[in-house]
Amino acid sequence: MKITQPASFSSNIKTEILAICVSASDPTGLPPELDEAFGGQLADALKHEEFKGAAGSILPLRSLGHTPARWILLVGVGDWSVAHHRLAGGATGHFARSRGATDVAFATPAGGTQEEGDNELLQAVVEGVLEGNYRWNKY
């Protein structure tokens, strides 16, 4: 599984699953560029689906050619804590495995800027993805 976090957000990221971190305090906080690529329909989908950004919750949406990514996956990170990022990563890994995806990119509404403490959050996401993507298949 290839997991990336772009240095800055772009709706043109080439990946199978573009996971957008959404907080519980601002569940409609999408990157404007992404919402514009969908003609404002992503924000509308968030309202209609009542997506709250709870830790580990997901809202998978097909990109339908609006972006190079096959899936846009809105992923709840709750209160932005390390534990909630791990849950978000786990939900993303499980979704990726269920779709046979091998490439995931994570983005935050702020564009994935590297601030102090982000390394710990990124590590939690990666660990979560690997745990969620794990499958015992010895037998």
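A residue counts as buried when its relative accessible area is under 20%, as exposed when that figure is over 50%, and as partly exposed in between. Keep that scale in mind as we walk through this structure, which is a predicted model.

Let's start with Leu87, which sits in helix 3, the stretch covering residues 82-99. Its relative accessibility is 47%, so Leu87 counts as partly exposed. If we set aside residues up to four places away in sequence, Leu87 touches Ala55 and Gly56. Phe38, on the other hand, is 49 residues from Leu87 along the chain, and the C-alpha atoms of the two are separated by 27 Å.

Stay with helix 3 for a moment and look at its partner. Two packed helices are described by the angle between their axes and the distance between the axes. Here, the axes of helix 3 and helix 4 come within 6 Å and cross at roughly 35°. As for handedness, the crossing of helix 3 and helix 4 is right-handed.

Next, head back toward the start of the chain. Ser11 is in the loop between strand 1 (2-4) and strand 2 (17-22). Is Ser11 buried or exposed? At 7% relative accessibility, Ser11 counts as buried. Leaving out residues up to four places away in sequence, Ser11 touches Glu33, Leu34, Ala37, Thr67 and Pro68.

Leu64, in the loop between strand 3 (58-62) and strand 4 (71-76), has a phi near 50°, a positive value in a residue other than glycine. At 70% relative accessibility, Leu64 counts as exposed. Trp80 comes in the loop between strand 4 and helix 3. Trp80 isn't a glycine either, yet its phi is positive, at about 70°. Its relative accessible area is 31%, so Trp80 is partly exposed.

Technical notes: Residues are numbered from 1 along each chain as its sequence is written. This is a predicted model: local features need pLDDT of at least 70, side-chain atom pairs count only at pLDDT 80 or more; totals for chains, interfaces and linings use all residues. Side-chain values use heavy atoms; hydrogens and water are left out. Helices (H or I, at least four residues) and strands (E, at least two) are DSSP runs, numbered from the N terminus. Buried means under 20% relative accessible area, exposed over 50%, partly exposed in between (1.4 Å probe, protein chains only). Contact means heavy atoms within 4.5 Å. Axes are lines fitted to C-alpha atoms, for helices over the stretch in contact, and angles run from 0 to 180 degrees between N-to-C directions. A crossing is left-handed if the near helix is turned anticlockwise from the far one by less than a right angle, and right-handed if clockwise.
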